[in-house]
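Entries follow in the order I checked them.

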Amino acid sequence: MLEDQPILKVDHVRKYFSAKRHHIVKAVDDVSFSIGRGRTLGLVGESGCGKSTLGKCILKLQPVTQGTIFFKGQAIEEFKGDRGEEYRKGVQAVFQDPYGSLNPRMRVGEIIEEPLFVHKVSPKKERRRRVEELIEKVGLKPDHLRRFPHEFSGGQRQRICIARALSLNPQMIVLDEPVSALDVSIQAQILNLLMDLKEEFQLTYLFISHALSVVEHISDVVAVMYLGRIVETAPSEVIFKDARHPYTKALLSAVLNPNPEGPKPGFVLEGDVGESQAAADACRFLDRCPNSVADCRVKEPVLREVGAGHHLACFIS
C-alpha cells in the first residue's frame, strides 16, 4: 500500500539567472507542490515557462536560488557523498531527445549497463542479466542489445532511455517532454508503457509537457505553469472538466478536436510567453488575457483553494 506522505516536496523554490545589463531572469519564481508516492504530477506550460529548469533543479543538475526541495522528507541540498549517490540512484530522468540522450559510440547493452557499472551495482554477470530483463520490459528484444542507437527508430530509442532510467531501481523518474519528439501513434505506445511500468514498479513520476492532451491520462494531478509560477493545480479530471484560469483554458483550446462539429476554441493565445510588458507587481498573464480586471494591473494573484485539491491564482475566476 502506498504511503500518504509525499516522496517529493518543492517548497517556495526560485531559480534566477543573470542576463545582460544586470537583468534578472526569473525562470522559476516561488513554486511549491508535492507528489505522493506512486503518483504522477503533470507539469504543463508553454516552452519558456520554466518547467525544464525546475526539473533540472530537482535532479540537482542546477542549484536553486532560494527555497528547498525535499525528497522523502530530507532537503536534497544536504545530500553529499554517499547520500548524494543514493539520491542520484533514486531519482532518474528521461529527456526529450532520445537520440541526443544516447552515446552513439556505445552499444545498447553498454548504455543500459553503464549506470550499474558506475554505481558498482552487482557483479558483471548479474548486471548483464538485469540488462536483458530491462530490454524486454520496455518491449525490445535481447538481440537489440548488440546494436547501436542509430539503428533504431525514435520510439525505440526512447524505450532504451526508459530502460536505462530503470536500471538502478529508482523510486521516482523526471520525464521531461518524453514523447514530444515522437509521432502521435508512437506517443500513445510510450505513454502506455510508462503507465504499465509505473504500476509494476510503484514508480513516482514528474511528467513535464507543453501539451495538456499528453498528460490527461497519465497524470493524477496537473499543475499549470506560466512564466515561472504555478497558476492552477487540480486533479487531472478536474482540470479537464472545470479549468478556471484563462491560461489553462487557452491550453485546452489548443488541443486539436478531430470532430469538425465539436466545440470551438474559447480563445487563441496571441504573442509569446516571454514578451510580457506588464509591471513587475502585476499579473504576469495580463498582456495575453482577454478578461483582465483592475486588480490584475496592480498586484499579482496568489494561489488560493477554490475546491477540493483545486488551487487557482486568478482574480477573474
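**Entry 1: H3 and H5.** I started with the crossing of H3 over H5, and I noted it as right-handed. I take a crossing as right-handed if the near helix is turned clockwise from the far one by less than a right angle, and left-handed if anticlockwise. The model is a predicted one, where local features need pLDDT of at least 70, side-chain atom pairs count only at pLDDT 80 or more, and totals for chains, interfaces and linings use all residues. Residues are numbered from 1 along each chain as its sequence is written, and side-chain values use heavy atoms, with hydrogens and water left out. Helices (H or I, at least four residues) and strands (E, at least two) are DSSP runs numbered from the N terminus.

I read an angle of about 30° between H3 and helix H5 (residues 154-166), with the axes 7 Å apart. That makes H3 roughly parallel to H5. Here roughly parallel means under 35 degrees, roughly antiparallel over 145, roughly perpendicular 65 to 115, and oblique the rest. Axes are lines fitted to C-alpha atoms, for helices over the stretch in contact, and angles run from 0 to 180 degrees between N-to-C directions.

Which residues meet here? From H3 I listed Val108, Ile111, Ile112 and Pro115; from H5, Ile160, Ala163 and Arg164. Contact means heavy atoms within 4.5 Å. By class I noted six nonpolar residues, no polar ones and one charged. Nonpolar covers Ala, Val, Leu, Ile, Met, Phe, Trp, Tyr, Cys and Pro; charged covers Asp, Glu, Lys and Arg; the others, Gly among them, are polar.

**Entry 2: H3 and H4.** Next I checked helix H3 (residues 108-118) against helix H4 (residues 124-137). Their angle is about 125° and their axes lie 9 Å apart. That makes H3 oblique to H4. The crossing of H3 past H4 is right-handed. On the H3 side I found Val108, Gly109, Glu110, Ile112, Glu113, Leu116 and Phe117. They meet Lys124, Arg127, Arg128, Arg130, Val131, Leu134 and Ile135 of H4. This H3 to H4 contact has seven nonpolar, one polar and six charged residues.

**Entry 3: the sheet.** I then traced an open sheet of eight strands with mixed pairing, in the order E6-E7-E8-E3-E9-E10-E12-E11. Two strands pair if DSSP finds at least two bridges between them. Which strands stand at the edges? They are strand E6 (91-94) and strand E11 (304-307); each has a single partner strand, so one side of each is left without a neighbour in the sheet. The twist averages 25° from one strand to the next.

Strand E10 (residues 229-235) and strand E12 (residues 310-312) run antiparallel, joined by two bridges. Glu232 has Leu312 in E12 as its bridge partner. Helix H1 (residues 51-58) packs on the sheet and touches E3, E7, E8 and strand E9 (221-226). Its direction makes about 150° with that of E8. Helix H2 (residues 81-90) also packs on the sheet, where H2 touches E6 and E7. The direction of H2 makes about 45° with that of E6.

Entry 4: Is E8 buried or exposed? Six of the six residues of strand E8 (residues 204-209) are buried, so E8 is largely enclosed by the rest of the structure. Buried means under 20% relative accessible area, exposed over 50%, partly exposed in between (1.4 Å probe, protein chains only). Thr204, Leu206 and Ile208 lie on one side of E8, with Tyr205, Phe207 and Ser209 on the other.

E8 pairs in the parallel sense with strand E3 (residues 40-44) over five bridges. Thr40 stands opposite Tyr205. Strand E7 (residues 172-176) also runs parallel to E8, through five bridges. There, Ile173 has Tyr205 as its bridge partner.

For E7, five of the five residues are buried, so E7 is largely enclosed by the rest of the structure. Met172, Val174 and Asp176 point one way; Ile173 and Leu175 point the other way. E6 and E7 run parallel, with four bridges between them. Gln92 stands opposite Ile173.

**Entry 5: Gly38.** Last, I looked up Gly38, in the loop between strand E2 (24-36) and E3. Gly38 counts as buried at 15% relative accessibility.
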